[in-house]
Amino acid sequence: MKAINTIAANAVFEAVDKSSTSFTERLLLLGVCTRAIAYPLAMQWAAKKYGVEAKPGQRGMTLPRYSAADKAMRRVLDVCFPPAERPQSTSKSASKSDPVTSLLKRYAALTGAEKRRFMMSLGK
């Protein structure tokens with residue numbers, strides 16, 4: 001097996017890490033401080049570069065899905081605004097009740113015999 005030069009690999013990783021920060025800093029100086037603000041600008045850039053037309057979709061203008069322009073736009077946005085640093089979106093269909101509280105309420109509603117049977121099944 002060939003030995004890998006970890007020092008050189010780490011230098012590459014450092015350059016990549018610093019480059020996304022410098023791109024973000026340059027965008028901040030231009031007044032582009034969030035991915036939402038950068039999205040339409042990146043879409044215009046990708047549409048012009050790849051010669052495609054942005055079309056209206058359900059949530060605004062979109063590029064053809066999975067096209068080279070769409071992939072380039074998402075790649076550029078991910079470099080400037082890394083996914084790990086973005087806030088995670090929450091599901092609109094997510095349950096608002098606490099699952100532990102829900103289980104405790106259901107357990108409390110059981111009869112004495114059902115509670116004993118349940119506890120016996122846990123002991124197996």
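Which residues make up the largest nonpolar core? In this predicted model, that core has 12 residues: Val32, Ala38, Ala42, Met43, Ala46, Ala47, Leu63, Ala69, Met73, Leu77, Cys80 and Phe81. Two elements, α2 (35-50) and α3 (68-80), each give two or more residues to the core. The largest share, five residues, comes from α2. A contact within this set is seen at alanine 42, which touches Met73 and Leu77 when residues up to four places away in sequence are not counted.

The protein chain as a whole contains five helices and two strands. Read from the N terminus, these elements follow the order α-α-β-β-α-α-α. Of the 124 residues in the protein chain, 15% are buried. The chain exposes about 10,500 Å², and carbon and sulfur atoms supply 62% of that area. Among contacts with a separation of 6 or more, 46% are between residues 24 or more positions apart.

Helix α1 covers residues 6-29 and has 24 residues. Just after α1, glycine 31 takes a positive phi of about 90°.

A positive phi also occurs at tyrosine 66, with a value of about 65°, although this residue is not a glycine. Most residues other than glycine have a negative phi. Tyrosine 66 is placed in the loop between β2 (60-62) and α3. The relative accessible area of tyrosine 66 is 61%, and the residue is therefore exposed, the cut-off being over 50%.

Lysine 71 lies in helix α3. With a relative accessibility of 48%, lysine 71 counts as partly exposed. Along the chain, lysine 71 and alanine 46 are 25 residues apart, while their C-alpha atoms are separated by 8.9 Å. Alanine 46 is one of the residues of the largest nonpolar core.

The cysteines were considered next. A disulfide is a covalent bond between the sulfur atoms of two cysteines. With sulfur atoms required to lie within 2.5 Å, the count of disulfides comes to zero. Cysteine 33 has a relative accessibility of 47% and so counts as partly exposed. Cysteine 80, at 11% relative accessibility, counts as buried because this value is under 20%. Cysteine 80 is also listed among the residues of the largest nonpolar core.

A search of the whole structure for aromatic pairs finds one. The pair is formed by tyrosine 107 and phenylalanine 118, whose ring centres are 5.9 Å apart. The ring planes stand at 55°, so the pair is tilted; an angle over 60 degrees would be needed for an edge-to-face pair, and one under 30 degrees for a stacked pair. Tyrosine 107 belongs to helix α4 (residues 99-108) and phenylalanine 118 to helix α5 (residues 112-123). The two residues are 11 residues apart, and the pair links distant parts of the chain. Tyrosine 107 counts as partly exposed because its relative accessibility is 29%. Phenylalanine 118, with a relative accessible area of 37%, is likewise partly exposed.

Conventions: Residues numbered from 1 in each chain as written. Predicted model: local features only at pLDDT ≥ 70, side-chain atom pairs only at ≥ 80, totals over all residues. Heavy atoms only, no water. Core = buried A, V, L, I, M, F, W, Y, C linked by side-chain atoms within 4.5 Å. Buried < 20%, exposed > 50% of the residue type's maximum accessible area, 1.4 Å probe, protein only. Helix = DSSP H or I, 4+ residues; strand = E, 2+ residues; numbered from the N terminus. Contact = heavy atoms within 4.5 Å. Areas by Shrake-Rupley, 256 points an atom, 1.4 Å probe, with all protein chains shown as cover. Expected span 1.5 Å × (residues − 1). Phe/Tyr/Trp six-rings, centres within 6.5 Å; stacked < 30°, edge-to-face > 60°.
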